[in-house]
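Dear colleague,

Please find below the structure that I am handing over to you. My notes on it follow.

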Amino acid sequence: LHSTSRRQRQMCIRDRMEILYVEDEQNKAHQVMQVIKDNIPSANIYLRNSYNAALMEINRETLDLVLLDMSLPLYDISKCMEYEEDNDFETFAGIDLLEELVRLDSTKKVIIITAFDVLGEDDNRINLMQLDQKMKSEYRNNYRGIIYYNSSSLEWCHKLIELINLL
């Protein structure tokens, strides 16, 4: 019991944290939010499911952190869309959102969480190590790291909390 409470004190370094989490895959979103709530119980998490929904929230002044999926649909799925395929999908929407933060001269911190170890196709193909280097050099004021999400591993959980604790 004593070691658990010490671990909780170490993991819960922030009293209150405002997080925008942009993710279109519901199971992944649920798991990530649960890890955050378990380690930072007072965190306020705003979940958005598309690029445009995130764009409307990203300039919220109270945000401490933005968690981004790299590949996102442009719009939330709505009843007026006949098929999910009617929704355009952007492979590098996370980069577009980071560019918006730069345009706004924002210092909000960003962590990328992706289930893909390689993104893009043909000439635009990039692996996570290459993407991490690109993000560090081009978005150094905002970008804090990338996490490879794999539902069958706990490694992503530890890395997420580690990166949040470094903020």
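Which residue of S9 does Thr 114 stand opposite? Thr 114 stands opposite Tyr 148 in S9.

Please note that this is a predicted model, in which local features need pLDDT of at least 70 and side-chain atom pairs count only at pLDDT 80 or more, while totals for chains, interfaces and linings use all residues. Residues are numbered from 1 along each chain as its sequence is written, and side-chain values use heavy atoms, with hydrogens and water left out.

The protein has six helices and nine strands; these are DSSP runs numbered from the N terminus, with helices being H or I of at least four residues and strands E of at least two. Of its 167 residues, 42% are buried, where buried means under 20% relative accessible area, exposed over 50% and partly exposed in between (1.4 Å probe, protein chains only).

The sheet

Five strands form an open sheet with parallel pairing, in the order S2-S1-S3-S6-S9. Strand S2 (44–48) and strand S9 (143–148) each have a single partner strand, so one side of each is left without a neighbour in the sheet. On average, neighbouring strands of this sheet are turned by 20 degrees against each other, direction ignored; axes are lines fitted to C-alpha atoms, for helices over the stretch in contact, and angles run from 0 to 180 degrees between N-to-C directions.

Two strands pair if DSSP finds at least two bridges between them. Strand S1 (residues 18–22) is joined to strand S3 (residues 65–68) by four bridges, and Leu 20 has Val 66 in S3 as its bridge partner. Four bridges also join S3 to S6, where Val 66 stands opposite Val 110. Between S6 and S9 there are five bridges.

S6 is largely enclosed by the rest of the structure, because five of its six residues are buried.

In the segment after H6 is Leu 167, which counts as partly exposed because its relative accessibility is 28%. From C-alpha to C-alpha, Leu 167 and Arg 144 are 8.2 Å apart in space, although 23 residues apart in sequence.

A charge over a ring

Arg 60 lies over the face of Tyr 46, at 4.0 Å from the ring centre. The rule requires NZ of Lys or CZ of Arg within 6 Å of the ring centre and within 35 degrees of the ring normal.

Yours sincerely
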